[in-house]
Amino acid sequence: MKMIEAIVKPFKLDEVKDALLEIGIQGMTVTEVKGFGRQKGHKETYRGQEYTIEFVPKVKIEVAVQDSQVQRVLDTITRTAKTGSIGDGKIFVRDLAMAVRIRTGETGDTAL
Amino acid sequence: MKMIEAIVKPFKLDEVKDALLEIGIQGMTVTEVKGFGRQKGHKETYRGQEYTIEFVPKVKIEVAVQDSQVQRVLDTITRTAKTGSIGDGKIFVRDLAMAVRIRTGETGDTAL
Amino acid sequence: MKMIEAIVKPFKLDEVKDALLEIGIQGMTVTEVKGFGRQKGHKETYRGQEYTIEFVPKVKIEVAVQDSQVQRVLDTITRTAKTGSIGDGKIFVRDLAMAVRIRTGETGDTAL
Ligand SMILES: Nc1ncnc2c1ncn2[C@@H]1O[C@H](COP(=O)(O)OP(=O)(O)OP(=O)(O)O)[C@@H](O)[C@H]1O
Ligand SMILES: Nc1ncnc2c1ncn2[C@@H]1O[C@H](COP(=O)(O)OP(=O)(O)OP(=O)(O)O)[C@@H](O)[C@H]1O
Ligand SMILES: Nc1ncnc2c1ncn2[C@@H]1O[C@H](COP(=O)(O)OP(=O)(O)OP(=O)(O)O)[C@@H](O)[C@H]1O
Ligand SMILES: [Mg+2]
Ligand SMILES: [Mg+2]
Ligand SMILES: [Mg+2]
């Protein structure tokens, strides 16, 4: 199992979510964050407005998936989150040692 | 060391926290998040109110523990976060390569 | 690649950020969280004000780096986030299996 964590532009959340639902993703968790990349947040254009502040608002989307789904999720997020301008975001993938679905007590892949 | 990450119903936070303190947990970090599982957030009942929106408010509880404590923490969270209704949440476990306690500089298990 | 996750006092964010930029860090993500450590949040002094509540506001700083940079980032965060009083925070390090820079499609170390 892997946790895929994508930090994307907030206005892209719905488009990414819909695309992930279309490929069969069962759940996700979203956190409001702020950050910067190589341009240090300077002059990043966000929804048509120019920011000169250093931290730019982003959303973090977390999706826990079976190993076999990782590549498809990465492709889907990359395709839908991309605008071609700076600040489009990053995706990080990390191993999951275990998962539990609280209501049923299921563990492992079937818990996702 | 492991990081245990539980996404639970917000009104369960205090009950889970108290149960974790009772089994000797030394610290935790809480983040407000929103998400959905298999029902896509539709018709999930939360504090007696019905949500038709897609993202439902949740809290993420993160607890870093020694390997020997993992099973007890999982059992405690599962027991206290469970209502029996949909949306009770998920627990994810991931490896921790290192931990540092900033004030003392301690590292490893004693830093937790 | 590693993800370094530091939970620090909110008023230390700018100092930690500036120190990380000075050692060449290219990006970071910040989340507002709340938590407690060994003192259970009791009597923790924060910006001169005494909190008796159990959860104390903190910020989580996440920095994805190449393995060779981990020790320098740990040293920099520890040095700048430390006040010497309780509640200075924790740093957790976890493995990253993969990273993608969305705009360019780059993966691995060059994506960070
Ligand atoms: N090394 C990093 N560690 C942690 N988070 C990062 C890192 N780099 C970027 N991020 C997060 O991703 C967000 C988007 O980064 P961004 O897309 O600007 O990266 P970039 O490398 O500057 O690419 P681009 O040149 O396309 O802007 C940042 O606001 C930050 O939240
Ligand atoms: N695959 C997943 N990846 C990331 N987060 C998830 C995933 N599945 C669920 N979550 C998070 O856990 C929360 C609770 O999920 P939920 O308990 O509804 O899961 P479920 O599989 O639908 O189980 P149930 O049938 O009991 O509702 C979601 O709101 C979301 O934040
Ligand atoms: N075991 C843990 N798991 C998850 N988060 C933790 C853990 N311990 C501490 N934290 C997070 O780090 C923050 C700061 O912790 P804190 O510095 O008070 O740790 P401590 O062990 O009590 O050290 P000190 O004695 O210096 O206060 C907490 O508010 C919480 O968000
Ligand atoms: Mg950038
Ligand atoms: Mg559900
Ligand atoms: Mg403390």
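**View 1. Residues around ligand 2.** Of the 20 residues around ligand 2 (a heavy atom within 4 Å), those that come nearest are Arg101(A), Arg103(A), Arg38(B), Gly87(B) and Gly89(B), and the ligand lies between chains A and B. This is a predicted model, in which local features need pLDDT of at least 70 and side-chain atom pairs count only at pLDDT 80 or more, while totals for chains, interfaces and linings use all residues. Residues are numbered from 1 along each chain as its sequence is written, chains are lettered from A and ligands numbered from 1 in the order in which they are written, and side-chain values use heavy atoms, with hydrogens and water left out.

**View 2. Polar atoms facing ligand 2.** An oxygen atom of ligand 2 is 2.7 Å from a polar backbone atom of Gly89(B), and an oxygen atom of the ligand is 2.9 Å from a side-chain N or O atom of Gln39(B). On chain A, a backbone N or O atom of Gly27(A) lies 3.5 Å from a nitrogen atom of ligand 2.

**View 3. The interface of chain C and chain A.** Contact (heavy atoms within 4.5 Å) takes in 31 residues from chain A and 26 residues from chain C. The two chains bury about 2,500 Å² between them, 60% of it on carbon and sulfur atoms, where buried area is the accessible area (1.4 Å probe) lost on being put together, summed over both parts.

**View 4. A salt bridge across this interface.** Among the three salt bridges found between chain C and chain A (a side-chain nitrogen of Lys or Arg within 4 Å of a carboxyl oxygen of Asp or Glu), Glu62(C) pairs with Lys60(A), their closest N and O atoms being 2.8 Å apart.

How values were computed: A polar contact is a pair of N or O atoms within 3.5 Å; within protein, one must be able to donate a hydrogen and the other to accept it, and residues adjacent in sequence count only if both atoms are side-chain atoms.
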